Amino acid sequence: MAQEAGTEALARLAGERVDHRFKGLPPDAEGLTVAELAAQRRNLFTGGFTTPVLALSAERLEHNLALMETYAVRHGLAFAPHGKTSMAPQLFRRQIEHGAWGITLAVPHQVWVARAFGIERIFLANELVDPAALRRVAADLAADPDFRFVCYVDSVRGVELMDAALRGAARPVDVVVELGAGEGARTGVRTDADARAVADAVAGVETLRLVGVAGYEAQVPGAAPEPVRAWLGRLVALAAEFDKAGRFAGAEEIVVSAGGSEWFDAVADVFADIPELSLPVLRLLRSGAYVSHDDVHYSRLTPFNRVPEEGALEPAFRLWAQVVSRPSPEQAFVNAGKRDAAYDLDHPVAHVVRRDGTEHPATGVEVTALSDQHLWLGTSPEADVEVGDWIGFGLSHPCTAFDKWQLIPVAEADGTVVDYIRTFF
């Protein structure tokens with residue numbers, strides 16, 4: 001039932017009218033539905049799109065979806081990609097179609113978005129102690145027997161707050177003990193003794209059911225192969241200890257989950273050696289940035305750099321902006337800035353200059369600073385840049401690129417726009 005409702009909700013996205021909410025779209029498209037505009041198959045460069053405009057590569061998007069599907073299958077991993085990256089239900093659906101077990105999320109609003117679009121399995125990689133949100137989750141669990149929801153716990157106090165909010169619920173909420181990555185890291189219990197205390201607290205209430213353990217290995221202090229693998233070994237050992245002690249009584253499977261976008265090769269290797277437990281083990285990987293990848297941060301840190309024989313992700317984003325000022329030979333400005341481009345980890349990278357229908361490399365062009373609506377470009381003598389040129393930029397950190405755009409054109413290699421991705425941040 002929820003999946004049918006989700007399909008209908010996706011169809012309604014196509015019926016939205018193009019208007020002032022959506023940046024970069026052709027002015028003469030106002031009043032068309034998104035589906036009608038997509039059917040026109042306009043060209044990103046000649047079809048009236050205005051700068052700045054962020055586009056996704058249709059071919060690279062599909063490549064990345066297929067590559068991670070193959071990777072998960074090859075390594076015997078269930079895959080719940082982190083939806084906070086895109087907050088795009090159309091991409092959630094494509095990820096599910098490419099074999100994903102479900103979608104990982106971080107906060108209640110994101111859960112409501114996923115539920116509105118028919119996602120039946122949600123892994124909340126965060127603690128949840130808000131009473132109103134917990135009651136909403138309980139209501140969804142009661143109304144939909146197919147809905148699977150799992151979230152973190154990392155404190156006895158958190159268990160007490162969850163129990164108080166959930167008393168009288170028709171179904172218990174499944175939880176996993178989050179193992180912190182170390183002192184000074186993010187959330188999660190710091191010691192095995194703390195983990196046991198939290199598990200005991202869960203066992204003492206009827207509103208929660210302990211189904212596994214989880215954590216985030218990229219938070220390991222000084223993250224490197226050896227300490228990351230050692231921490232993953234601790235996580236696996238904790239699951240085995242809990243199972244031996246009968247702490248997963250009532251569970252149907254044991255969830256062991258980790259895996260961002262920087263160390264999923266280590267996760268795959270360590271999880272492959274999880275010993276036989278009393279129940280089937282759901283080895284759940286949660287990497288999310290892969291869907292668009294990027295040109296700097298994850299291109300540098302992706303595990304595929306360490307295991308190139310397994311393939312390579314491709315950066316799918318390109319931000320197009322127009323040169324609006326060339327005040328000196330050493331400087332130029334384009335009409336995109338912090339409102340349009342991810343900048344929290346690295347500056348955008350100039351890749352290509354487009355002029356009169358032809359492209360040439362953006363040699364000698366470097367982003368030196370960002371204002372709200374301008375990228376500051378340093379231009380060396382070899383830079384061939386004029387006012388009016390379009391410059392295509394690569395971005396760093398997908399999570400802060402998607403969130404600046406409500407409707408993102410998906411363009412084929414020749415610029416033909418074949419779809420539009422709606423985001424909900």
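Modeller: Ser57, Arg318, Trp320, Glu412 and Ala413 lie nearest the centre of the second largest pocket, out of 21 residues that line it. The model is predicted: local features need pLDDT of at least 70 and side-chain atom pairs count only at pLDDT 80 or more, while totals for chains, interfaces and linings use all residues. Residues are numbered from 1 along each chain as its sequence is written, and side-chain values use heavy atoms, without hydrogens or water.

A pocket here is an open set of points on a 1 Å grid over the protein atoms alone, with protein on both sides within 12 Å along at least five of seven lines; lining residues have an atom within 4 Å of a point. By class, the lining holds 10 nonpolar, 3 polar and 8 charged residues, with Asp, Glu, Lys and Arg counted as charged and Gly as polar.

The largest pocket has a volume of about 500 Å³. Its lining numbers 26 residues, and His82, Lys84, Arg186, Tyr216 and Gly260 are the closest to its centre. Strand E4 (121–127) and helix H11 (297–301) are the elements that give two or more residues to that lining. Its classes come to 10 nonpolar, 11 polar and 5 charged residues.

The largest cavity has a volume of about 40 Å³. Arg186 and Tyr216 are among its lining residues, together with Glu178, Leu179, Gly180, Ala181, Thr187 and Gln219. This lining divides into 3 nonpolar, 3 polar and 2 charged residues.

As for the setting, the chain forms 12 helices and 18 strands. Its radius of gyration, taken over C-alpha atoms, is 23 Å, close to the 22 Å that the globule rule (2.2 Å times the number of residues to the power 0.38) gives for 425 residues, so the chain is as compact as a globular protein of that length. The C-alpha trace spans about 70 × 45 × 35 Å along its principal axes. Of the 425 residues, 56% count as buried, that is, under 20% relative accessible area with a 1.4 Å probe and protein chains only.

Technical notes:
1 Å grid on protein atoms, 1.4 Å probe; cavity = no way out; pocket = protein on both sides within 12 Å on 5 of 7 lines; lining within 4 Å. Points joined across faces, edges and corners; volume = space filled by probe spheres on them. Helix = DSSP H or I, 4+ residues; strand = E, 2+ residues; numbered from the N terminus. Buried < 20%, exposed > 50% of the residue type's maximum accessible area, 1.4 Å probe, protein only.
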